[in-house]
Amino acid sequence: MKRFFFKLFILTVMLVGLPLLGIVLANFPVQRYLEFPPHTQYVHHAPFSWNVFAGYTLFILCFAIPLLFTIVKSFRQINIKPSPLYAFPWWGWLGVITGIVTWILAWTRFSWFAGFQPHTFTPLWLSYILIINAFCQRQTGRCMILDHTRLFLFLFPASAVFWWFFEYLNRFVQNWYYIGPRFSAWEYFWYATLPFSTVLPAVLGLRDWLLSARWLQQRFDHLKPLRIPFPKTLATFTLTLSAAGLAAIGIWPNILFPLLWVAPLLIILSLQTLMDERHILSGPFAGNWTAVVAAAMAAVICGVFWEMWNFFSLAKWQYSIPYVYRYHIFEMPLLGYAGYLPFGLQCAAVGNLLEKV
């Protein structure tokens with residue numbers, strides 16, 4: 001427990017304090033970064049660049065192509081005997097019904113529903129969480145809701161805090177912003193916190209279902225181990241580099257905006273390595289990539305649903321990303337979906353930490 005709170009303290013100080021310290025040292029006006037609710041657009045994003053777009057594309061493909069090739073290859077080479085399925089639980093059907101009804105209400109504009117129209121995102125995702133856990137129950141006879149109820153319930157408040165960190169970091173790069181009805185500061189806090197609380201239960205619930213897939217286990221359990229020489233030296237260097245990047249993220253947001261998605265993960269991994277703890281990459285060090293692949297896939301799949309349900313919602317977000325803002329799928333530019341890959345690992349890392357509390 002002491003180690004958990006120590007890591008949480010270091011992570012909080014770095015994520016909250018360093019970006020603010022950077023803009024103070026750069027003599028930028030602090031008030032605009034602390035505006036609540038955030039409405040002012042003060043970051044001027046760089047225009048689209050083919051060179052940068054091509055560079056990011058090649059970098060992403062270096063990771064994505066081997067993963068996709070291995071997944072496709074697994075379907076061709078592995079013969080999996082079908083496992084017996086359990087009954088689909090009644091509460092899963094409840095999630096299907098409430099999900100369909102809420103989806104219809106979210107994308108329509110009935111006058112009698114106008115007062116509730118901005119608040120459909122939370123029931124949509126609660127329905128999704130029920131359905132995913134129901135599929136997991138049907139596949140394995142176990143699910144987080146029934147077998148790890150305490151952790152499942154704890155994930156909701158933890159998820160709200162978790163995503164508020166990203167909202168705070170976004171103040172310094174302004175890669176997304178919200179449109180729709182205007183709320184007071186108190187209303188904005190509560191109306192935002194409710195959907196934020198569904199992020200971790202959704203991603204980790206889907207991860208658990210993917211982990212039950214035999215093709216995933218058989219293909220990614222015995223791959224080449226990841227070898228990193230001098231891990232503690234690398235962890236110290238990574239922690240230092242992450243700290244410097246976070247301090248500069250508000251000064252050069254057009255260049256350092258990817259740190260929003262990778263810096264929290266790098267900090268957690270570095271601290272766990274320095275404290276000789278198991279972490280999300282401990283499996284790959286032993287040649288078992290299943291948990292990493294499942295977490296990344298879960299975030300990408302959830303990301304597609306986030307962006308799809310956001311597209312026709314009344315209260316929604318839009319993006320403004322430097323250099324690569326083109327070829328949209330819903331509101332998200334194509335390369336933006338790559339951010340869900342490290343985000344999934346962050347969700348898994350946080351979930352693993354919470355399991356030990």
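This report walks through selected features of one predicted model.

Numbering starts from 1 along each chain as its sequence is written. In this predicted model, local features need pLDDT of at least 70 and side-chain atom pairs count only at pLDDT 80 or more, while totals for chains, interfaces and linings use all residues; side-chain values use heavy atoms, with hydrogens and water left out.

**Helix α12**

Helices are DSSP runs of H or I with at least four residues, strands are runs of E with at least two, and both are numbered from the N terminus. Helix α12 covers residues 259-274. It has 16 residues and spans 21 Å from its first C-alpha to its last. That is close to the 22 Å expected at 1.5 Å a residue. The expected span is 1.5 Å times one less than the number of residues.

How much of α12 is buried? Twelve of its 16 residues are, so the helix is largely enclosed by the rest of the structure. Buried means under 20% relative accessible area, exposed means over 50%, and partly exposed lies in between, using a 1.4 Å probe and protein chains only. Among the buried residues of α12 are L259, L260, P264, S270 and Q272.

**Salt bridges**

Side chains of opposite charge can pair when their charged atoms come close. A salt bridge here is a side-chain nitrogen of Lys or Arg within 4 Å of a carboxyl oxygen of Asp or Glu. The structure holds five of them. The table lists some.

| Salt bridge | N to O distance | Accessibility class |
|---|---|---|
| K7 and E277 | 3.0 Å | both buried |
| K316 and E331 | 2.7 Å | both buried |

K7 and E277 meet in a salt bridge. This pair links distant parts of the chain, 270 residues apart. K7 lies in helix α1, and E277 in the loop between α12 and α13 (282-285). R3 joins K7 and E277 in a network of salt bridges.

K316 pairs with E331 in another salt bridge. The two are 15 residues apart and link distant parts of the chain. K316 is in strand β2, while E331 is in the loop between β3 and β4 (332-333).

**Aromatic rings and charges**

Rings of Phe, Tyr and Trp (its six-membered ring) pair if their centres lie within 6.5 Å; planes under 30 degrees apart count as stacked, over 60 as edge-to-face and the rest as tilted. The count by this rule is 53 aromatic pairs. One of them joins F121 and W125. It is tilted, at 6.5 Å centre to centre and 50 degrees between the planes. Both residues lie in helix α4 (residues 121-140). They sit four residues apart, about one turn of the helix. An α-helix has 3.6 residues a turn, so residues three or four places apart point the same way. F121 and W125 are both buried.

Some rings have a charge over them. The rule asks for NZ of Lys or CZ of Arg within 6 Å of the ring centre and within 35 degrees of the ring normal. The charged end of R326 sits over the ring of F48, 3.8 Å from its centre. The charged end of R32 sits over the ring of F28, at 5.9 Å.

**A surface patch and the backbone**

W50, Y327, I329 and L334 form a nonpolar patch on the surface. Together they have about 410 Å² of accessible area. Patches are made of residues with over 30% relative accessible area and no salt bridge; like charges are joined within 9 Å, and nonpolar side chains (Val, Leu, Ile, Met, Phe, Trp, Tyr) within 5 Å. Areas come from the Shrake-Rupley method with a 1.4 Å probe; for residues, only the protein chains shown count as cover.

I329 lies in strand β3 (residues 328-329). Its relative accessible area is 37%, so I329 is partly exposed. Y327 is in the loop between β2 (316-319) and β3. At 42%, Y327 is also partly exposed. Y327 has a positive phi of about 60 degrees although it is not a glycine.

N27 has a positive phi too, of about 65 degrees, and is not a glycine. N27 is found in the loop between α1 and α2. It is exposed, with a relative accessible area of 69%. P37 is in the loop between α1 and α2 (50-77). The peptide bond from F36 to P37 is cis, with omega near -5 degrees.
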